[in-house]
Amino acid sequence: MSGTSPIVEGIINFFDMRRHPSGGYTLYEGLPDSKNTYYAIKSLEVIDSLPDDVARTLDWLEELHSRGSFAAQGLFYRCSLLADYGREFRVKDRFLDLLRRSYRKIKA
């Protein structure tokens, strides 16, 4: 980080301390989640300082996504990052059907 401003170094250290061995990120301590992982990677992108092994984070997201049990918000975070980095993913039809039923516009 030679030549990096103290603010940028602080940001990098903040996220380094919140990275879980699995590759995901957590806000405080404990298990990582999609939301915090999304914001960590997006924040690191802004300062052009992705971890050398960002693939480990993407692998973690793919593994999490493959379980198939998730809410719409988590789906957005996972699929957005996977798509941004050229990873393929599939959203199961049963989940898409659930979204269509749940988020159908109500006609007044």
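Predicted model: local features only at pLDDT ≥ 70, side-chain atom pairs only at ≥ 80, totals over all residues.
Reader: What makes α3 oblique to α4?

Author: The axes of helix α3 (residues 54-66) and helix α4 (residues 72-84) come within 10 Å and cross at roughly 135°. Angles over 145 degrees count as roughly antiparallel and those from 65 to 115 as roughly perpendicular, with the rest, once roughly parallel angles under 35 are set aside, called oblique; therefore α3 is oblique to α4. The crossing of α3 past α4 is left-handed.

Reader: Which residues make the contact between α3 and α4, and how is that contact made up by class?

Author: From α3 come Leu 58, Leu 61, Glu 62, Leu 64 and His 65, while α4 supplies Leu 75, Arg 78, Cys 79, Leu 81 and Leu 82. Sorted by class, the contact of α3 with α4 has 7 nonpolar, 1 polar and 2 charged residues.

Reader: Why is Thr 37 called buried?

Author: Thr 37, which is found in helix α2 (residues 34-46), has a relative accessible area of 0%, and the word buried applies under 20%, so Thr 37 is buried. Leaving aside neighbours within four places in sequence, Thr 37 is in contact with Gly 24, Tyr 25, Pro 32, Thr 57, Trp 60, Leu 61 and Leu 81.

Reader: Which residues have the most contacts inside the largest nonpolar core, and which elements give two or more residues to this core?

Author: The largest nonpolar core has 15 residues, and those with the most contacts inside it are Phe 15, Tyr 25, Ile 41, Leu 44, Leu 61 and Leu 81. Two or more residues are given to this core by each of α1 (6-17), α2, α3 and α4, and α3 gives the most, with 5 residues. Apart from this core lies another, of 5 residues, among them Leu 75, Cys 79, Phe 95 and Leu 99.

Reader: With which residues is Ile 41 in contact, leaving aside its neighbours within four places in sequence?

Author: Ile 41 is in contact with Tyr 25, Leu 50, Pro 51, Val 54, Thr 57, Leu 81 and Tyr 85 on that basis.

Reader: How do you know whether Asp 48 is buried or exposed, and what is its phi?

Author: Asp 48 lies in the loop between α2 and α3, and its relative accessible area is 72%; since exposed means over 50%, Asp 48 is exposed. Its phi is positive, about 55°, although Asp 48 is not a glycine. Most residues other than glycine have a negative phi.

Definitions and conventions: Residues numbered from 1 in each chain as written. Heavy atoms only, no water. Axes fitted to C-alpha atoms, helices over the stretch in contact; angles between N-to-C directions. Helix = DSSP H or I, 4+ residues; strand = E, 2+ residues; numbered from the N terminus. Left-handed = near helix turned anticlockwise from the far one by under 90°. Contact = heavy atoms within 4.5 Å. Nonpolar A, V, L, I, M, F, W, Y, C, P; charged D, E, K, R; others polar. Buried < 20%, exposed > 50% of the residue type's maximum accessible area, 1.4 Å probe, protein only. Core = buried A, V, L, I, M, F, W, Y, C linked by side-chain atoms within 4.5 Å.
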